[in-house]
Amino acid sequence: MSKRYDFKTIEQKWRPYWDEIDLYQTGNDPDKPDIYILDYFPYPSGAGLSVGHTRNYVPSCVSARYHRMRGYNVLHPMGWDAFGLPAENYAIKHRIHPRESTRIFSDTYRRQMQLIECSYDWSREINSTFPNYYRWTQWFFLLLYRRGLAYRAPGAQWWCPDCQTILANEQVADGRCWRCNSLVEKKTLNQWYFKITDYADRLLDDLDGIDWPENIKTIQRNWIGRSEGAEVMFETAVGQPISVFTTRPDTLFGVTFLALAPEHPLVTAVTTPAQTTAVQTYVAAAQRAPEQERLAADKPKTGVFTGGTAVHPLTGQPVPIWVADYVMGSVGTGAVMGVPGHDERDFAFARTYGLPIIEVISPDGEPYGTQTCFPEKGILINSGPYSGMDSDAGTAGIIADLEARGMGRRQVTYKMRDWLISRQRYWGAPIPIIHCPDCGAVPVPEAGLSVLLPDTDDFAPAGDGRSPLARVEPWVHAACPTCGGAAQRETDTMDGFACSSWYFLRFANPHYEDGPFDPEAVRRWLPVDTYVGGAEHAVMHLLYARFWTKVMYDAGLVDFVEPFSQLRNQGMLLSAVDGQKMSKSRGNVVTPDEVAAQHGTDALRAYVLFLGPFNAEVVWDDRGIKGITRFLDRFWRLATGDWKMSPVHLVHPVTLSPGHAFERARHQTIKRVTRDMEEFRFNTAVAALMEYLNTLIGMTDQPIPADQWRRAVESFTLLLAPICPFITEEVWQTVLGHTESVHRQAWPDFDESLAADEVVTVVVQVNGKVRDRFEAAVGMDEEALRVAAVSRPKIQRFTNGKPIRKVIVVPPGLVNIVV
């Protein structure tokens, strides 16, 4: 047997064996519990996988392998989210059809995932661009349409001039396209929307019942942006209503101006002739500025007076109307009431333009001056009959007054807008709507699905705001399903996130033909137990999938309201070259192919896990993997007997007692690795195995009975198996002589009494500050801990002869001395 671990020979040996025994087939034993472990639906790009991607795929694979050994039926599938802008842009640039490029990319991803031995059940592979998949995406569109949750409306939307398509609000960051990073602009088109706002409260409330990272929940809560307050109506001099929403009705008596967004439809109507030129010039400049730039907190607040006024709903006083670029037409009503005494933005605006500042809230009911802004709640002043009330009472009274006058009402608003689903691109699922001049928008009958994407080479956008599908005239012309007359198909395609909003259901049985998913299989496997992926889709995919699931629940299609019970986000892997995310354009990509070729798949997998905590940002350093290769080589040498061992290993003398350090180390390691596997702490699992290997190597010259030594090596092999599948299979079958795969063995058990630490570190505090530490036996009683702590020389220096008032003992490891 080779003295060195020859990973190339071993990998070539075991891959075909695992294929032959169908090792990763989804379990179907009715006596076993089920678990569904799923990765995000990946978009296969032309660059293929980098080692950064393995931060996602290797840990989920390890978890799937671990749970198989724990006796679970495991569903761990993979597929391709292959529609969308990136694939189409690549195809245009390289003059290849996106259908062909996505096939090539998917093949590359599959090959690389198999290279790193991801334990997917490939018999369940799906592809969002196949008609047998996107027909059901279209089916879901019709479901939402029938339930009044899909509608078409004109509106000014974000337009990416490079991608030549409309973008959803969630797909614009810092005024740039999320895919190509180009500056975006506004364009008015008829668009299709999904009414996700109808589910805003449920999307908020149900976050409390799922095991997700708190930062993701916070991002979603902030994006939904629920605000409680009041709608207040101001009327222009000619009776036109201007609606504003405020979370602070208690400040209504402090309004000294109204500010309209440059996009507000009443801007022209309220502008006087003398101010028309100034307003038009300002509005044109403001609308060219990116939204994020206009909203920036450090940007000077600018505006222009329209010359018009409105009437205050409670005082009857005239209020000047301004146009200000810090007010957004897409947020709230597109109009705000300016209360400079109690809002920082309004204060800055009023100071810039010399507008009045009225204080109507103070901390103690006394005037404090107008040189500063007081944004907090307090006591109302200068507020007519509400002066002297606290903010809560004043709010209630003012809203009641507005409602009685018909000038306002209590209201809840949301920052989130409906999901813009239309895309003016070719490579997507066609929207199943036919436009008839007599019947209007008519849904395609379900029997007519799928609406196939026509096969055309003319798929580049023309820049006129229309989809390339509009140029495929034979496809566009269709008969109206209602009247049979001449009509035209909808030429926009669906946002790619539509396809990923339900794919997790399809994996339960991807071969089911009578619906989008197999109801029986979904009842068995869903919701997903553990969902693994990055945090970048917090307000896109993760929000959309939750929305669709709730719609399905309301339609009686599923019996759960949340698709992913547990979410785990991996941290980003950065290049050691420049400290940046790996990217082909930066030239800092390290591929799994090159690492596996040089060091082996096992070393790659173990190193990816060992780099740091699963959710932490880490740096890939090629030098670090050498420590992993040494670890695997040392394990190989230990397992194959390439150490100077005591002759006792070869015979069976008296068995060591269970409490012997050799046995305790085994049980302690099993406990540690088991706990780490359950909690996605794979880096510390690898560290625990490294420590245990050192322990075993250190005992090779000790009189350890052969059967207990073999049990230790077997336990080590089983614990390492989910992480390093190749070397462990070789050791298990070739070295140890077993005849069935190590990956079909039961996870080793541990004895809690043997796994418990023999000693514990006791922290000693004096008046709450840590002053000393000492080791104590586990189970030491409180009185003994008290005496040991007080008598420590270091502690006596801190007490310095002062009388000890109290000694608080918190077993097993804290003593607080109060002097």
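Trainee: Which residues line the largest cavity?

Mentor: R55, P59, V608, L609, G612, P613, F614, F680, F682 and N683 line the largest cavity. Helix 2 (54–69), helix 18 (601–610) and helix 21 (682–698) each give two or more residues to this lining. Helices here are DSSP runs (H or I, at least four residues), strands are E runs of at least two, and both are numbered from the N terminus.

Trainee: What kind of model is this?

Mentor: The model is predicted, with local features needing pLDDT of at least 70, side-chain atom pairs counting only at pLDDT 80 or more, and totals for chains, interfaces and linings using all residues. Residues are numbered from 1 along each chain as its sequence is written, and side-chain values use heavy atoms, with hydrogens and water left out.

Trainee: What makes a space a cavity?

Mentor: On a 1 Å grid over the protein atoms alone, a 1.4 Å probe fits at its points but cannot get out; lining residues have an atom within 4 Å of a point. The structure holds two cavities of 30 Å³ or more.

Trainee: How do the residues lining the largest cavity divide by class?

Mentor: Seven are nonpolar, two polar and one charged. Ala, Val, Leu, Ile, Met, Phe, Trp, Tyr, Cys and Pro count as nonpolar, Asp, Glu, Lys and Arg as charged, and the others, Gly among them, as polar.

Trainee: What lines the second largest cavity?

Mentor: L23, Y24, R65, R68 and H743 do. By class, two are nonpolar, one is polar and two are charged.

Trainee: Why are helix 20 and helix 22 called roughly parallel?

Mentor: Helix 20 (residues 661–678) and helix 22 (residues 706–720) pack at an angle of about 10°, with their axes 11 Å apart. Angles under 35 degrees count as roughly parallel, so this pair qualifies.

Trainee: Which residues make that contact?

Mentor: Helix 20 brings F662, E663, R666, T669, I670, V673 and M677, while helix 22 brings Q708, W709, R711, A712, S715 and L719. Contact means heavy atoms within 4.5 Å. The contact residues comprise seven nonpolar, three polar and three charged.

Trainee: Why is P812 called exposed?

Mentor: Exposed means over 50% relative accessible area, buried under 20%, partly exposed in between (1.4 Å probe, protein chains only). P812 has 56%, so P812 is exposed.

Trainee: Where is P812 found, and what does it touch?

Mentor: P812 lies in the loop between strand 32 (806–810) and strand 33 (814–818). Not counting residues up to four places away in sequence, P812 touches V760, V762 and L785. P812 and E782 are 30 residues apart in sequence, yet 8.6 Å apart in space, C-alpha to C-alpha.

Trainee: How many residues line the second largest pocket?

Mentor: 28 residues line it, of which F245, T247, V331, V336 and R345 lie nearest its centre. Its volume is about 800 Å³. Strand 11 (241–246), strand 15 (335–338), helix 11 (344–353) and strand 18 (408–414) each supply at least two lining residues. A pocket, unlike a cavity, is an open set with protein on both sides within 12 Å along at least five of seven lines.

Trainee: What share of the whole protein is buried?

Mentor: Buried residues make up 54% of the 819 residues. The protein has 26 helices and 33 strands. Its C-alpha trace spans about 105 × 90 × 50 Å along the principal axes.

Key:
Points joined across faces, edges and corners; volume = space filled by probe spheres on them. Axes fitted to C-alpha atoms, helices over the stretch in contact; angles between N-to-C directions. Parallel < 35°, antiparallel > 145°, perpendicular 65-115°, else oblique.
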